[in-house]
Amino acid sequence: MAGVTIEGRAHSLSAWFVLALRLVIGFAFFYTGIEKILGGFDAQNYLVNVAATNGNPLAGLFLSMGQTSWFVDFVNVAVPWGEVAIGLGLIVGLLTRLVAFFGAFLMLMFYFGNWNLEHGFINADFMYLLVFLSVAAFGAGRILGLDAIVEQYKIDGRALLDRYPQLEYVLG
C-alpha cells in the first residue's frame, strides 16, 4: 500500500478469531434482516429525519433519498433482504469478500445516517465497517467456509480459482 509492504506470519489461533468475527457479524446481520422483514421495515422516516440530526454532512443527500419514492421502495427491499443475504453469505462462508464489501458499504451508509460525534468519529457503525473489512481482507470464507470448496472446484482439471484468478476478489 502506497509503496510500503508489510509481511508477517499469522498465528494459527488467528484463524479461529477470524472465523468468530465472520460468524458473529454474519449472525448479527442475518438476525437484523429477518427482524426488518418480519417487522415491516420502512426507511423513509429514517432517511428524512434521522440523518438531519447532529450536523450530518450528508443530511441533504439522505433527505433527497427519503423524498424519492422509487428510491425508498428500493431501500425498503434492499436493506432487509441485503442484510439477510450478507448474513447468510458470512455464516456459510460463500462469496465472503463480496458480501463483506456490501456489508461494509451498508455500514458506511449507516455511519453517515446515524452521524453522531458525541464520542468522536469512532462509533459502533464504524467498528462494524472495520469488522467487515477485516473479514474480507483475511479471506475468512476459506476458514470452515464454502469458499474453500468453491475455489477448488475443478473445471477441465483446473481449480476454479486457478482458471479464473479474478474470482479471488469475491471469494475467500
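Begin by selecting Arg 142 and Glu 151, which form a salt bridge with their closest N and O atoms 2.9 Å apart; the term stands for a side-chain nitrogen of Lys or Arg within 4 Å of a carboxyl oxygen of Asp or Glu. Colour the pair by accessibility and Arg 142 is partly exposed, with a relative accessible area of 33%, whereas Glu 151 is buried at 4%. Here buried means under 20% relative accessible area, exposed over 50%, and partly exposed in between, with a 1.4 Å probe and protein chains only.

Before going further, note that this is a predicted model, in which local features need pLDDT of at least 70 and side-chain atom pairs count only at pLDDT 80 or more, while totals for chains, interfaces and linings use all residues. Residues are numbered from 1 along each chain as its sequence is written, and side-chain values use heavy atoms, with hydrogens and water left out.

Now colour by pLDDT, the predictor's confidence in each residue on a scale from 0 to 100. The chain averages 88, and 99% of the residues score at least 70. Confidence is highest in helix H4 (residues 69–92), at a mean of 96, and lowest in helix H8 (residues 160–163), at 84; helices are DSSP runs of H or I with at least four residues, numbered from the N terminus.

Return to the salt bridges, of which the structure holds three. Select Glu 83 and Lys 36, whose closest N and O atoms are 2.9 Å apart. Glu 83 lies in helix H4 and Lys 36 in helix H1, so this pair ties together parts that are 47 residues apart in sequence. Glu 83 is buried, with a relative accessible area of 1%. Then select Asp 156 and Arg 163, whose side chains meet in a salt bridge at 3.5 Å, N to O; Asp 156 counts as exposed at 66% relative accessibility, and Arg 163 is partly exposed at 29%.

Leaving aside its neighbours within four places in sequence, Leu 90 is in contact with Arg 22, Leu 23, Ile 25, Gly 26, Thr 96, Val 99, Phe 132 and Val 135, where contact means heavy atoms within 4.5 Å.

For the next stop, select Pro 57, in the loop between helix H2 (44–49) and H3. Pro 57 is exposed, with a relative accessible area of 54%, and touches Phe 112 and Trp 115, not counting residues up to four places away in sequence. Pro 57 and Trp 115 are 58 residues apart in sequence but 8.5 Å apart in space, C-alpha to C-alpha.

Finally, select Phe 101, which has its place in helix H5.

Methods: Helix = DSSP H or I, 4+ residues; strand = E, 2+ residues; numbered from the N terminus.
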